[in-house]
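Subject: The model, and what turned up in it

Hi,

Here is the structure I said I would pass on. Have a look at it first, and then read on for my notes.

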Amino acid sequence: MYKESTNVVVKHLVNRLRDVRTTSNEFRLTIEEISRILASEALNDFPTITQNINTWQGPLDVEVIEVQKLVLIPILRAGEPMLTGILRTLPYAKSGFLAMKRDEETSLSKLFYENIPNLENKTVILLDPMVATGGSLIDGIEYLKSKNAKKIITLNIIGSPYGVKKVTEAHPDVDMFIAQIDERLDENNYIRPGLGDAGDRAFNTH
């Protein structure tokens, strides 16, 4: 299933990403903000455990997210700011990395680096800001399933109707939380209106 955010703050932040005047540093920080909001929506029903903490009035039993059951995995390089943002909220969650690149001629993705912890009995949050054709995300999900992840959730900033449909058809058991679904893909498989290349804009490369 997929869920597009209806949060007006998320929509405001997406439009900040679209603005060509947004600097590289602002772009990364905005992705971090959106990612934290999406993570809070995705983990709204996540299991908690009781933990005893010291408060100003003494010990207190409180409910906290069981971060030991979470693994955060960005698709590099554009997914890195998403990881940074969520780790500010969940600093003790484990993380891994997938590096995938789209072939500009075929639009097919290729995995050329991975560093994944043990995913047995873990919920994986796969971070990929752009869902154009959906190819990279589909391949990333398939790879994580081969590592026996218990559950997979994806967090995405922006996508095309085509890409979202392809992902949900290929992996109906995966929960997809996306900030904005745009109008269409163009003839070059770029999202329109989109926001440009997220990796280039985040890291000021071309």
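Let's start with a pair of helices: helix 1 and helix 2 are roughly antiparallel to each other, because their axes cross at roughly 155° and angles over 145 degrees count as roughly antiparallel. Bear in mind throughout that this is a predicted model.

Helix 1 covers residues 8-18 and helix 2 covers residues 24-42, and their axes come within 10 Å. The crossing is left-handed. On the helix 1 side, the residues that meet helix 2 are Val-9, Val-10, Leu-13, Val-14, Arg-16 and Leu-17. Helix 2 answers with Phe-27, Thr-30, Ile-31, Glu-33, Ile-34 and Ile-37. Sorted by class, that contact has nine nonpolar residues, one polar and two charged.

While you are on helix 1, click on Arg-18, which also lies in that helix. Is Arg-18 buried, exposed or partly exposed? Arg-18 has 23% relative accessibility, so it counts as partly exposed; the cut-off for buried is under 20%. Beyond its neighbours within four places in sequence, Arg-18 is in contact with Ile-158, Gln-180, Asp-182, Pro-193, Gly-194, Leu-195 and Arg-201.

Leu-137, Ile-138 and Ile-141 of helix 4 make the contact with Lys-166, Val-167 and Ala-170 of helix 5. Five of these contact residues are nonpolar, none is polar and one is charged.

Now the strands

Strand 8 (residues 123-127) is mostly covered, with five of its five residues buried. Thr-123, Ile-125 and Leu-127 point one way from the strand, while Val-124 and Leu-126 point the other way, and all are buried.

Which strands pair with strand 8? One is strand 4 (residues 70-76), which pairs with strand 8 in the parallel sense over five bridges. Within that pairing, Pro-74 has Leu-127 of strand 8 as its bridge partner. Another is strand 10 (residues 151-159), and strand 8 and strand 10 likewise pair in the parallel sense over five bridges. There, Val-124 stands opposite Ile-152 in strand 10.

Strand 4 is mostly covered too: six of its seven residues are buried. Leu-72 stands opposite Ser-95 in strand 5.

That is what I have for now.

Cheers

Technical notes. Residues numbered from 1 in each chain as written. Predicted model: local features only at pLDDT ≥ 70, side-chain atom pairs only at ≥ 80, totals over all residues. Heavy atoms only, no water. Buried < 20%, exposed > 50% of the residue type's maximum accessible area, 1.4 Å probe, protein only. Helix = DSSP H or I, 4+ residues; strand = E, 2+ residues; numbered from the N terminus. Pairing = 2+ DSSP bridges. Axes fitted to C-alpha atoms, helices over the stretch in contact; angles between N-to-C directions. Parallel < 35°, antiparallel > 145°, perpendicular 65-115°, else oblique. Left-handed = near helix turned anticlockwise from the far one by under 90°. Contact = heavy atoms within 4.5 Å. Nonpolar A, V, L, I, M, F, W, Y, C, P; charged D, E, K, R; others polar.
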